[in-house]
Amino acid sequence: MEQIWGILMAAVGLFMMVSGITRSNFIVYRLLVARSRGLWGENVHRFYQVVGAVITLLGVLAALGVIW
């Protein structure tokens, strides 16, 4: 079961990272950016790139059984 959650977590992180790099117009990403812009300002896309990379890494580690 940990593998499924790890893969799902890595997929979400990859979505956030790729969307941050391309500054996507996908509705889910636009909603996330709209909520985060107040705190992060113009650095909101960079924030999602970094957070996406971290979540992807944690997801891969969880899928491999290294953590949790």
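A nonpolar patch with about 560 Å² of accessible area together is formed on the surface by M1, I4, W5, L8 and V12. Patches consist of residues with over 30% relative accessible area and no salt bridge, with nonpolar side chains (Val, Leu, Ile, Met, Phe, Trp, Tyr) joined within 5 Å and like charges within 9 Å. A salt bridge is a side-chain nitrogen of Lys or Arg within 4 Å of a carboxyl oxygen of Asp or Glu. Accessible areas come from the Shrake-Rupley method with a 1.4 Å probe, and for residues only the protein chains shown count as cover. The model is predicted: local features need pLDDT of at least 70 and side-chain atom pairs count only at pLDDT 80 or more, while totals for chains, interfaces and linings use all residues. Residues are numbered from 1 along each chain as its sequence is written, and side-chain values use heavy atoms, with hydrogens and water left out.

Four aromatic pairs are present in the structure. Rings of Phe, Tyr and Trp (its six-membered ring) pair if their centres lie within 6.5 Å; planes under 30 degrees apart count as stacked, over 60 as edge-to-face and the rest as tilted. The pair of F15 and F26 is edge-to-face, because the ring centres are 5.8 Å apart and the planes stand at 80°. F15 is in helix α1 and F26 in the loop between α1 and α2 (27–40), so this pair ties together parts that are eleven residues apart in sequence. F15 is partly exposed at 28% relative accessible area, and F26 is partly exposed at 43%.

Y29 and Y48 form an edge-to-face pair, with 5.6 Å from centre to centre and 70° between the planes. Y29 lies in helix α2 and Y48 in helix α3 (residues 44–64), so the parts tied together are 19 residues apart in sequence. Y29 is buried, at 1% relative accessibility, and Y48 is buried at 4%. Ring pairs join Y29, Y48, W40 and F47 into a cluster.

T56 is located in helix α3 and counts as buried, at 16% relative accessibility. A polar atom of the T56 side chain lies 3.5 Å from the backbone oxygen of G13. Leaving aside residues up to four places away in sequence, T56 touches A10, G13 and L14, where contact means heavy atoms within 4.5 Å.

Notes
Helices (H or I, at least four residues) and strands (E, at least two) are DSSP runs, numbered from the N terminus. Buried means under 20% relative accessible area, exposed over 50%, partly exposed in between (1.4 Å probe, protein chains only). A polar contact is a pair of N or O atoms within 3.5 Å; within protein, one must be able to donate a hydrogen and the other to accept it, and residues adjacent in sequence count only if both atoms are side-chain atoms.
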